[in-house]
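Here are some worked exercises to go through with the structure open beside you. Try each task on your own before you read the steps.

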Amino acid sequence: MNSVLGARIRSLRESKGLTQEQVAEKMNCTRQKYARIEKGLVDISYASIITIAQILEVSPDQITSAVNHKAQKEPMFRDNGASEKGDKFQFLDEMINTFYAHRKLYKSVRQVDGDE
């Protein structure tokens, strides 16, 4: 489920016009490590989310929020046979993936708090 968080981070980074190298340099890590975060290949800590949010000048909620704050756009066209139900299914699928990403992040934060 880190792929959901990674995709959001990537989208925010691209909207700011930053490269992976620039963000990695500000995080004091390698571009390869940062790229793995965006691909969802590594677990991301809450501390890293806060750092990335500061670099991208967004709130951590914009990375972890289960609700996409962008206005829902109607598709400009649909393939033959596609329906509005398909759009709703895709939206629900994204919501479920975000929920599980949140749950995993919450458990990792609780585990860190318990270790302290």
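**Exercise 1. Find which residues of helix H3 are buried, and what covers them.**

Step 1. Helix H3 spans residues 31–39, and its buried residues are Tyr 34, Ala 35, Ile 37 and Glu 38. Seen down the axis of H3, these buried residues fall within an arc of 155 degrees, so they line one face of the helix. Here the arc is taken from the directions that run from the helix axis to the C-beta atoms. Buried means under 20% relative accessible area, exposed means over 50%, and partly exposed lies in between (1.4 Å probe, protein chains only). Helices (H or I, at least four residues) and strands (E, at least two) are DSSP runs, numbered from the N terminus.

Before going on, keep in mind that this is a predicted model: local features need pLDDT of at least 70, side-chain atom pairs count only at pLDDT 80 or more, and totals for chains, interfaces and linings use all residues. Residues are numbered from 1 along each chain as its sequence is written, and side-chain values use heavy atoms, with hydrogens and water left out.

Step 2. Now look for the cover: it includes helix H1 (2–15), helix H2 (20–27) and helix H4 (46–56).

Step 3. Take Ala 35 as an example from H3. Its relative accessibility is 8%, so Ala 35 counts as buried. Ala 35 and Glu 21 are 14 residues apart in sequence, and their C-alpha atoms are 9.0 Å apart in space.

Step 4. Finish at the end of the helix: H3 is followed by Gly 40, which has a positive phi near 75 degrees.

**Exercise 2. Work out which residues Gln 20 touches.**

Step 1. Locate Gln 20 in helix H2. With a relative accessibility of 17%, Gln 20 counts as buried.

Step 2. List its contacts (heavy atoms within 4.5 Å). Leaving out residues up to four places away in sequence, Gln 20 touches Arg 13, Arg 31, Tyr 34, Ala 35 and Glu 38.

Step 3. Look at the polar side of this. The side chains of Gln 20 and Glu 38 make a polar contact at 2.9 Å. A polar contact is a pair of N or O atoms within 3.5 Å; within protein, one must be able to donate a hydrogen and the other to accept it, and residues adjacent in sequence count only if both atoms are side-chain atoms.

**Exercise 3. Compare Glu 57 and Val 58: buried or exposed?**

Step 1. Glu 57 sits in the loop between H4 and helix H5 (60–64), and Val 58 is also placed in the loop between H4 and H5.

Step 2. Glu 57 counts as exposed at 65% relative accessibility, whereas Val 58 counts as buried at 14%.

Step 3. Check the backbone of Glu 57: its phi is positive, near 55 degrees, in a residue other than glycine.

Step 4. Follow Val 58 to its contacts. Not counting residues up to four places away in sequence, Val 58 touches Leu 12, Lys 16, Ala 53 and Ile 63. Val 58 and Leu 12 are 46 residues apart in sequence, with 8.4 Å between their C-alpha atoms.

**Exercise 4. Say where Asn 28 is placed.**

Step 1. Asn 28 lies in the loop between H2 and H3, and it is exposed, with a relative accessible area of 73%.

Step 2. Although Asn 28 is not a glycine, its phi is positive, about 60 degrees.
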